Amino acid sequence: MRTGIFVGSFDPFTIGHDNIVRRALPLFDRIIIGVGVNERKQYMLSAETRKQKIQELYKNEKRITVKTYSDLTIDFAHREMADYIIKGVRSVKDFEYEREQADINKRIGNIDTLLLFAEPEMASISSSLVRELIHFGKDVRQFLP
């Protein structure tokens, strides 16, 4: 059974995140969405709320599970017996960051990272942009699944 983990803070989970999950699903028998918790970060939504919203989105897809984690992604990947880490890339800046993370994860954990490039119409959507729009009272429904 081939397992991939798709990890992030997902604060909030956007249509871009959903697009990556749905595009990766045919490649895996199982995808675990890992909602990251970093105690040094301040979140708009609690980890449990983020997890519940994502679970609700995929309630009819038995191959997807959602879990929270607060350690290194590579440790989460090993614990979940993942074959790959799945990451989305929107820009050259994202690519450089994810390439470095992929290299380190391969070196210390021997797990490859699958990079999927954002669909062009979703390349400008980010959780931080959505949070800012929410802060200023804008309607963000078009950015959320």
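Two strands are said to pair if DSSP finds at least two bridges between them. The legends below describe close-up views of a predicted model.

**View 1. Pairing of strand 4 with strand 5.** Strand 4, residues 84–89, runs parallel to strand 5, residues 112–117, and six bridges join the two. Within this pairing, V89 stands opposite F117 of strand 5.

**View 2. N105 in helix 4.** The residue N105 belongs to helix 4. Its relative accessible area is 10%, and N105 is therefore classed as buried, since the limit for a buried residue is under 20%. Apart from neighbours within four places in sequence, the contacts of N105 are I74, I85, N110 and I111.

**View 3. A nonpolar surface patch that includes I104.** I104 is located in helix 4, which spans residues 92–109. With a relative accessible area of 43%, I104 is partly exposed, because this value falls between the limits of 20% and 50%.

**View 4. The loop between helix 4 and strand 5, with N110.** N110 is placed in the loop that links helix 4 to strand 5. Its phi is near 55°, a positive value in a residue that is not glycine. The relative accessibility of N110 is 57%, so N110 counts as exposed. N110 is also among the residues in contact with N105.

**View 5. The loop between helix 3 and strand 4, with M81.** M81 lies in the loop between helix 3, residues 73–79, and strand 4. Although M81 is not a glycine, its phi is positive, at about 55°. M81 counts as exposed because its relative accessibility is 66%, where exposed means over 50%.

**View 6. The cis peptide bond from D11 to P12.** The bond joining D11 to P12 is cis, and its omega is near 5°. P12 is situated in the loop between strand 1, residues 3–8, and helix 1. P12 is one of the residues in contact with H17.

**View 7. H17 in helix 1.** H17 is part of helix 1, which comprises residues 15–24. At a relative accessibility of 17%, H17 counts as buried. When neighbours within four places in sequence are left aside, H17 is in contact with F6, F10, P12 and S127.

Definitions and conventions. Residues numbered from 1 in each chain as written. Predicted model: local features only at pLDDT ≥ 70, side-chain atom pairs only at ≥ 80, totals over all residues. Heavy atoms only, no water. Patch = residues over 30% accessible without salt bridge, like charges linked within 9 Å, V, L, I, M, F, W, Y side chains within 5 Å. Areas by Shrake-Rupley, 256 points an atom, 1.4 Å probe, with all protein chains shown as cover. Salt bridge = Lys/Arg side-chain N within 4 Å of Asp/Glu carboxyl O. Helix = DSSP H or I, 4+ residues; strand = E, 2+ residues; numbered from the N terminus. Buried < 20%, exposed > 50% of the residue type's maximum accessible area, 1.4 Å probe, protein only. Contact = heavy atoms within 4.5 Å.
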